[in-house]
Amino acid sequence: MSATPLVSIRNLHATAGGTPILRGLDLELQAGEVHAIMGPNGSGKSTLSNVLVGKPGYEVTDGEVLFRGQNLVEVEPEVRAREGVFLAFQYPVEIPGVANNYFLRSAVNAIREHRGEEELDAIDFLTLLKEKMKLVEMPEDMMSRAINEGFSGGEKKRNEILQMLLLEPTFCILDETDSGLDIDALRVVANGVNQMRSPERAMLVITHYQRLLDHIVPDHVHVLSEGRIVKSGDKSLALELEEKGYGWIEGAEGEGDPS
Amino acid sequence: MAGANPDLEKLAKQEYKYGFVTDIEEDRAAPGLTEEVVRLISSKKNEPEWLLEYRLKAFHRFREMLAEGHAEPEWAKVTYPAIAYDEIVYYSAPKQQTKIDSLDELDPELRETYDKLGISLLEQKRLNGIAVDAVFDSVSVATTFKAELEKQGIIFCSFSEAVENHPKLVKQYLGSVVPYSDNFFACLNAAVFSDGSFAYIPKGVRCPMELSTYFRINAAGTGQFERTLLIADEDAYVSYLEGCTAPQRDENQLHAAVVELVALDRAEIKYSTVQNWYPGDKNGVGGIYNFVTKRGACRGFRSKISWTQVETGSAITWKYPSCLLIGDESVGEFYSVAMTNNKQQADTGTKMIHIGKNTTSTIISKGISAGEGDQSYRGLVRMGPKAHHARNYSQCDSLLMGDGCGAHTFPYLEASNPTATVEHEATTSKISDDQLFFCRQRGISEEDAVSMIVNGFCREVLRELPMEFAVEAQNLLAVSLEGSVG
């Protein structure tokens, strides 16, 4: 008998800028699980992650997203974040003039306040920050710099994982976290993600490439095509995909496609 | 880009919390500017003959300018209904005639006013060691710490008191940086100036505390015409804070102040302003007209004058704090954050006039436009023929919030010297939706995110402010100031 899923996405239909992208997506994540989503360009991977975190410009036209039983669809993005939903962006932005550490302490404290926990003062926060920075192998001086300003692609991705480590979310969505990373950066990022694996947490890893999944081993793999999940399996599905390409899935789609 | 984000507009919609009026009996002249009114002002203050003559010269010139018809500067990019100069009252003073020795003797309603403004003089006296010369409408009401400053020979008092007690100094420097004929509003000011601050720092003295003055416009129909004169003698240093609040009124109020700074050899004057004049309601009705002439003369070798300002108020602002870099190796600096919202209009900037050799100037101007606010930065950098190896660096950045606002830059660069260097950089940006969303996805509300980003945008200027103004800047720009952790 399965417990209530941590995340339950049911019949999700969503548009991006008015264009329908998600056309009835169903997905369930139990706490403690890591799910991977793969799919060709245009299949709706970014739309899915953006809809989950409430990015403006996307509209849910049908269906629901239940997180701990609560439908997220009408919830403001910052409230979703404080409830424990986290997105590691594919293209992290730079914010000149705003120091990393100042920003992070604000974020950590916003979430702690929401949870009814005491806010961290500067000293306690610094201690926590240093501890987490070691896990992503970031030099301390990077934290007094402006958010992502002058960071390489790999450093930006590591900064995303650092934030995840600090904010301790319950539902982590990693949007093509491996894109643009070299082997060493990939190792560090994956290591950080694996540190976060826990029975209370669910993770959704969106990726094009099998390679990441060697490092972050998923419990389930799903293939997204034309706004729907068309096939699910375990980690071997990813290997099969890599071997056969997306065409294999799209070819098979006609047969088992629920309408 | 997509349509205006309604949440962004919420940010600048803060109720003007200083909207109230003090009901103290006032002593007012009849409206209109006549020779009689000028004489009245002068006699109320028991001014010496030479000063009355100065006022009268300015008065006559002013009426000439009015008659000539091309008096008010028209080149500024601001529009406003014509000012009826003959309907303004040019003198008003609260009935606080006797001088008092301690703050406790102040009229209780006055004290309450200061409390509401969050400027408890008593607290300041205890905690910050700031000497405060509080100007209530047109007359200085209280001066503190005079005795302590006097020990070092520092003179800090109201302008009126300076005329009475230090006439030679006043006569020597009054109008030496901004002559009354300089421009229309300076001319008006020279005729009817009410009061302001005066400071003289003697040779070699570093003023041990920030000098500060709070202004307040109260009476309906009263223009505010302060006159401030600060002199730093050789090797002296002073940091001066100017802060203003004003109550909610229905008619526009004219503010035409003149500030003159003089720095002699190796002296330094730091002049900071956090301004919060009533900006008019969201339809632009009833705000303050702020037409100010501020100029510093770096007369001495290696002298230095810095202007730092954070402006968020007034319906119309026309203001160009400037430096005349006369002494060789003298330095001029201008750091500014200007925010316009709703229907405010601002045409502001600075002038750096390089006259001596090896002079340097730095201009960092940050403009934030929101709502239907419109602002122009107008800067003049002039390198005179003898300004050998002079250098200027200017950076003008505009941040636009929403789709209805505007920002314009008019840099004027005049170089008459082939060895002088002038650098100018300018950027225009919007707070990007991606930046905002990133902050929100990390649990930070949109309002806080905008604050953070705006603060980051203004960082270079805000860190020039003396700490005493940090809190006021926060409130005004809705940002929190913090350096990096650790």
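Start by selecting helix α5 of chain A together with strands β6 and β9 (171-175): α5(A) lies across both strands, at about 165° to β6(A). Angles run from 0 to 180 degrees between N-to-C directions, with axes fitted to C-alpha atoms, for helices over the stretch in contact. Helices (H or I, at least four residues) and strands (E, at least two) are DSSP runs, numbered from the N terminus.

A quick word on what you're viewing: this is a predicted model, where local features need pLDDT of at least 70, side-chain atom pairs count only at pLDDT 80 or more, and totals for chains, interfaces and linings use all residues. Residues are numbered from 1 along each chain as its sequence is written, with chains lettered from A and ligands numbered from 1 in the order written.

Now zoom in on A:Leu166, part of α5 (residues 153-167). Buried or exposed? A:Leu166 is buried, because 20 other C-beta atoms lie within 10 Å (the cut-off is 20 or more, with C-beta atoms placed from the backbone). Beyond its neighbours within four places in sequence, A:Leu166 is in contact (C-beta atoms within 7 Å) with A:Leu104, A:Val108, A:Leu128 and A:Lys132.

Next, show the open sheet in chain A: six strands, ordered β6-β9-β10-β3-β11-β12, with mixed pairing (strands pair if DSSP finds at least two bridges between them). β6 (85-88) and β12 (228-233) each have a single partner strand, so one side of each lacks a neighbour in the sheet.

Inside the sheet, pick β3 (residues 34-38) and β10 (residues 202-206), which run parallel and are joined by four bridges. A:Ala36 has A:Val205 as its bridge partner in β10(A).

Finish at helix α8 (residues 235-244) of chain A, which lies across β3, β11 (220-225) and β12, at about 45° to β11(A).

Conventions. Buried ≥ 20, exposed ≤ 12 C-beta atoms within 10 Å, placed from the backbone. Contact = placed C-beta atoms within 7 Å.
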